[in-house]
Amino acid sequence: MFEKKNGAALRTREPLTDTQMLMFISIGIFAAMYLAAVLFMGGGFRKPQMFFDLLNDNAALIIISCALTIVMITGGINISVGGVIGLTTMACAIFVNSRSGESGTVSILLTLLLALGIGLGFGILQGFLVARLEIQPFIVTLAGMFLARGLTTILSLEPVTVSHEGFQALVESRVKVPWLGYVAPNGNLIPAKIEIGAIVAICVVILMALTLHYTRFGRNVYAVGGNPQSALMLGINVKRTVFWAYVISGLLSGLAGFVFLMHKPAGNASVAMRSEMDAIAASIIGGTLLTGGVGNVIGSFFGAMILATIQKIIFLSPLNASWWQDMANGAMLCFFILLQSVILMRRNNSKKAGNLLKNLKIHRADKAPAGKEDHHET
Amino acid sequence: MEDGIVLTMRGICKAFPGVKALNNVDFTLRKGEIHALMGENGAGKSTLIKVLTGVYEKDAGSIAIEGCDGEAKIHSPQQAQDIGISTVYQEITLCPNLTVAENMFIGRGKGAIVHWKEYEKRADEILKSLGIPARANQELSRCSLAVQQMVAIARAVDMNCKVLILDEPTSSLDDKEVARLFQLMRDLKAKGVGIIFVTHFLEQVYQVSDRITVLRNGELVGEYEVEKLPQVELVAKMMGKSLDDLAELERIGQKGAVSDNCVYEAAALSSSECRPFDFHIRGGEVNGFTGLLGSGRSESVRAIFGADRVTGGKVRVRGKDVRINKPHDAMKNGIGYLPEDRKRDGIIADLSVRDNIILALQVIQGMNHPISRAKAEAFADEYIAALQIKTASQDTPIKSLSGGNQQKVILARWLLTHPQYLILDEPTRGIDVGTKAEIQKLVLKLAEEGMSITFISSEVEEMLRTCSRLIVMRDRKIVGELSGDDLTQAQVMKTIAGGEQTDE
């Protein structure tokens with residue numbers, strides 16, 4: 001009986017996992033939303049540049065969404081990402097200005113190292129506190145957020161604008177995507193432009209997706225989030241896995257700070273305020289469960305893009321005001337959570353029913369048709 | 001190390017706060033033998049296993065394993081795996097959100113990149129060779145519990161281990177699956193693997209084991225060859241007392257008077273989890289729901305207690321119409337319910353034994369009438385003594401008690417509310433023979449005192465021993481009711497199987 005079932009099953013496709021299911025939902029919603037914007041808003045949305053602008057403007061958000069996704073899969077959270085962005089942009093702005101007049105490339109590389117170093121420092125510290133000392137990740141990273149914001153203000157109360165020429169050149173630089181341009185009324189082709197930061201963000205998404213899917217560490221992250229006790233029994237070093245998840249998360253926050261500076265070349269104490277909340281929302285919309293074990297960065301990428309699209313749509317609509325945007329984001333988040341829980345609930349019910357059926361089949365003869373059970377002896 | 005011996009543990013000691021879990025225990029495992037580790041709950045079996053697998057650090061003693069010089073260093077499950085000790089735990093310790101293949105291979109091997117395609121191919125081969133009805137790229141949560149358990153075994157088998165530990169592997173398997181597992185164990189034995197087999201099922205021990213080590217109260221009772229230790233003697237050694245208690249119980253059965261008045265009546269009661277059914281119980285009666293796992297036994301009693309969403313039906317308690325929509329309603333009507341899943345629905349792990357005992361009474365009295373500390377202590381003392389709960393003190397967190405004692409605490413919680421009608425859903429699951437007998441006797445004694453009891457157990461013998469009326473369920477429906485002379489194992493089986501049973 002089992003062999004027969006096995007043979008038949010090998011030919012059928014596996015149903016989607018929860019992770020994939022939630023990811024496809026967010027991709028679908030992004031596509032539908034963007035299409036609707038193209039059809040009904042028109043204007044800028046008709047041009048490919050709009051899509052790249054979404055990427056350009058939200059590169060840092062995309063990166064910190066990845067940073068959050070990896071810790072959320074372990075069942076944790078990291079709300080220090082916004083603070084780390086603030087600290088990194090400020091520190092980098094001051095640092096790069098101090099090197100004005102020196103070689104552009106070297107300065108930029110050193111600045112990048114500084115950004116990554118700050119992120120790494122936060123990652124290691126938080127990873128140690130969460131993984132080794134087993135302190136609640138929320139509290140650890142809340143403290144991290146306050147620390148980062150405090151340090152930012154110590155560095156400078158006033159906004160610091162980047163004056164380094166080499167860095168400014170980096171900020172100005174764009175990669176042209178000629179085959180996705182649009183033809184101006186006068187017949188000239190205007191190519192779409194993409195910033196370095198957006199390219200970095202996309203690389204991060206791809207790299208993280210590959211890491212989570214194909215490396216031993218990546219699968220361990222899912223295992224730890226699915227059931228830490230089991231993961232331990234399966235011989236996974238749970239503490240090390242959690243530690244590295246926070247280190248990567250910190251590193252990405254630092255990188256996000258650098259990318260942010262490339263987009264808006266100024267350090268400011270209130271930079272990226274609340275962006276950790278946007279990143280959490282993006283991860284959740286992208287299908288990451290706060291309970292851990294489910295989620296992936298491709299979904300988070302689309303989650304961030306959904307938030308970005310809402311922002312753009314409201315910006316271009318008559319309702320352009322920050323509160324409308326907040327409310328739209330909130331409504332979207334609510335809608336998503338509802339949708340997710342409804343879908344997961346239905347799936348789990350069908351899972352349960354499926355298992356029950358299997359159990360019954362093991363116990364009982366296959367040939368008894370379902371209808372016959374209704375009239376048997378007392 | 002001597003030839004043919006794969007593992008020796010000498011003088012193992014392990015203490016937890018207030019409890020000496022293991023005291024100077026020796027254990028020897030030979031190559032190619034199936035060695036049963038027996039003992040009541042709380043005897044130290046699980047602790048010994050966890051010391052061996054690196055989950056706990058031992059306080060004293062030495063472990064030596066073939067192929068490692070001197071003392072084996074086991075400080076984590078990972079290290080235990082590396083030196084050839086594989087374990088399948090009673091609770092399924094796999095990750096539900098990963099695929100079957102991932103669960104089989106995660107935490108093993110070296111290198112940063114995982115070649116899942118290769119692993120999936122290998123996993124499929126192993127699953128096929130073991131006859132496990134699962135697919136490598138299936139999400140584990142989509143498999144039934146039994147299949148999940150077998151995946152865990154497949155994982156352990158594939159690790160080319162020297163020592164395979166099976167901790168209660170059969171508790172969620174049906175007979176056919178158990179037979180397959182035993183075949184698997186014999187195959188591995190032929191390959192020279194030493195198997196440590198922990199179980200509560202005595203018959204199973206005699207089916208497959210070569211040798212038995214018995215523990216009691218954290219101490220070694222002895223090591224025996226199976227042929228030289230009859231089952232009765234084994235039980236006696238595990239319990240440290242004679243078997244008369246059980247035998248006596250067998251003879252007694254229920255003898256207390258059953259009143260004619262129904263304590264509880266339900267007509268067409270249905271809940272979100274079960275179809276409408278009729279049910280009644282008289283004062284002083286012990287009845288039970290029986291049927292296969294998943295036949296709706298628990299769902300029915302959960303509906304009675306209002307633990308699931310009640311969707312319809314009429315309920316009368318002592319002749320009065322009442323509505324029971326939530327557990328609180330049931331409790332106010334003098335109904336108690338000891339849930340099937342002790343860990344999830346029963347204990348509050350971090351609260352003390354005392355707090356766990358007074359919980360239900362406190363709920364009935366309401367928030368505005370707190371039970372005083374002195375009173376709570378008196379209650380706790382009374383029931384700890386009455387039910388012989390083995391605990392360091394009434395302040396001990398319940399999670400550090402053994403399963404049987406946790407169950408007694410939950411029982412005490414309900415007895416304290418003096419219910420007229422008590423529902424016991426699998427009160428003896430995962431509990432040793434001695435405590436089982438105690439609980440059965442208690443059930444009968446309570447019934448004699450006039451309490452009505454519904455008793456559910458997976459062991460039919462136990463139900464026949466205690467219940468005077470059995471309600472038989474199949475496919476979430478009541479298919480029969482047995483009482484009097486019909487209360488025989490054969491009759492129960494026949495009713496469960498129904499008219500259409502075909503022997504497979």
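In this predicted model, B:R316 has B:D321 of β14(B) as its bridge partner. The two residues belong to an antiparallel pairing of β13(B) with strand β14 (residues 320–322) of chain B, which extends over three bridges. β13(B) and β14(B) make a hairpin with two residues between them, and B:R318 in the turn has a positive phi of about 50°. Strand β13 (residues 310–317) of chain B also pairs with strand β10 (residues 262–271) of chain B, in the antiparallel sense and over six bridges. Within β13(B), B:G312 stands opposite B:S270.

A further element to examine is an open sheet. Six strands of chain B build it in the order β15-β16-β17-β12-β18-β19, with mixed pairing. Its edges are β15 (335–338) and β19 (477–483) of chain B, each of which pairs on one side only. On average, neighbouring strands of this sheet are turned by 15° against each other, direction ignored.

Strand β12 (residues 286–290) of chain B runs parallel to strand β17 (residues 452–456) of chain B, and four bridges join them. Here B:N287 has B:T454 of β17(B) as its bridge partner. β12(B) is likewise joined to β18(B) by four bridges, again in parallel. In β18(B), the bridge partner of B:N287 is B:R469.

Helix α10 (residues 297–305) of chain B touches β12, β15, β16 (421–425), β17 and β18 (469–474) of chain B, and its direction makes about 150° with that of β16(B). Helix α16 (residues 433–448) of chain B lies across β12, β16 and β17 of chain B, running at about 155° to β17(B).

How enclosed is β18(B) by the rest of the structure? Six of its six residues are buried, so β18(B) is largely enclosed. B:R469, B:I471 and B:M473 point one way from the strand, B:L470, B:V472 and B:R474 point the other way, and all are buried. β18(B) is joined to β19(B) by six bridges, and these two strands run antiparallel.

The division into domains comes next. Chain B consists of domain 1 (5–247), domain 2 (257–334 + 420–497) and domain 3 (343–418). The C-alpha centres of domain 2 of chain B and domain 3 of chain B are 24 Å apart. Nine residues from domain 2 of chain B and nine residues from domain 3 of chain B take part in the contact. On the side of domain 2 of chain B, helix α11 (residues 327–332) of chain B supplies the largest share, three residues. By class, that side of domain 2 of chain B has four nonpolar, three polar and two charged residues.

Finally, the chain may be viewed as a whole. Chain B contains 18 helices and 19 strands. Its radius of gyration is 24 Å, close to the 23 Å that the globule rule gives for 504 residues, so chain B is as compact as a globular protein of that length. Along its principal axes, the C-alpha trace of chain B spans about 75 × 55 × 45 Å. Of the 504 residues of chain B, 49% count as buried.

Conventions: Residues numbered from 1 in each chain as written. Chains lettered and ligands numbered in written order. Predicted model: local features only at pLDDT ≥ 70, side-chain atom pairs only at ≥ 80, totals over all residues. Domains from an automatic or database assignment. Contact = placed C-beta atoms within 7 Å. Nonpolar A, V, L, I, M, F, W, Y, C, P; charged D, E, K, R; others polar. Rg over C-alpha atoms; globule rule 2.2 N^0.38 Å. Buried ≥ 20, exposed ≤ 12 C-beta atoms within 10 Å, placed from the backbone. Pairing = 2+ DSSP bridges. Axes fitted to C-alpha atoms, helices over the stretch in contact; angles between N-to-C directions.
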